[in-house]
Amino acid sequence: MHIQLEKELASHCAAVLMGKKPAALFTLKMTDDEAAHATALLAESGVQMAELRCKRGRTLVLAYAPRLLRQALQQTLAKKMLAPLRYPLGESLSAIIEHLRQRIAECEGFPHEIGFFLGYPPADVVGFMLYEGRRFKHCGLWKVYSNVDKAKALCAEYEHCRRLGCRHVELGGSLQSIGQYADKAG
């Protein structure tokens, strides 16, 4: 039962577990027991898990590395765009994530500022917010409005992390040792 959950977490969270990305956003269909197990597994690696919404039996999850997420949200462009949306940037990450949870509940679609949480280049997040998803230069994991080559390299790095993390868990490794496995694998 739990091995499938670990594989899913590795697929979604490998770049976060490896310290390459501040957060990952994904949906899981899980019982309360599985949610508790996932939270515990990630916590052993220093990664927190916040449930943002539950709809039709699926839970929208934000898995995040607290230090990296705080750094991402303190970038100049992120602060400039998040402040008017009333994010409590001077408060705890819990308060900030609670505000994100409220924004998700209130938005008709999805709050575009989520890109700041996920480690997307701030200029791309701002471009998406300003142009409402139009007039982008490239589309990969996100819509790119600034440096296409840098975005492609970052997407490739995130995908490399995902492949390494999944392979490690398939070989019987733990989520907690994904970072060490990645260091050895290069």
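In this predicted model, the largest share of the lining of the second largest pocket, 3 residues, is contributed by α7, where helices (H or I, at least four residues) and strands (E, at least two) are DSSP runs numbered from the N terminus. Local features need pLDDT of at least 70, side-chain atom pairs count only at pLDDT 80 or more, and totals for chains, interfaces and linings use all residues. Residues are numbered from 1 along each chain as its sequence is written, and side-chain values use heavy atoms, with hydrogens and water left out.

**The second largest pocket**
- About 260 Å³ of space lies in this pocket, a pocket being an open set of points on a 1 Å grid over the protein atoms alone where a 1.4 Å probe fits, with protein on both sides within 12 Å along at least five of seven lines.
- Its volume is the space filled by probe spheres set on the points, which are joined across faces, edges and corners.
- Of its 14 lining residues, His-112, Ile-114, Gly-115, Tyr-120 and Phe-128 lie nearest the centre, and lining residues have an atom within 4 Å of a point.
- α6 (114–117) and α7 (122–131) each supply at least two residues of this lining.

**The largest pocket**
- The largest pocket has a volume of about 330 Å³, and among its 17 lining residues the closest to its centre are Ser-11, His-12, Lys-21, Leu-141 and Tyr-158.
- At least two lining residues each come from α1 (2–17), β1 (23–28) and α8 (148–170), with α1 giving the largest share, 6 residues.
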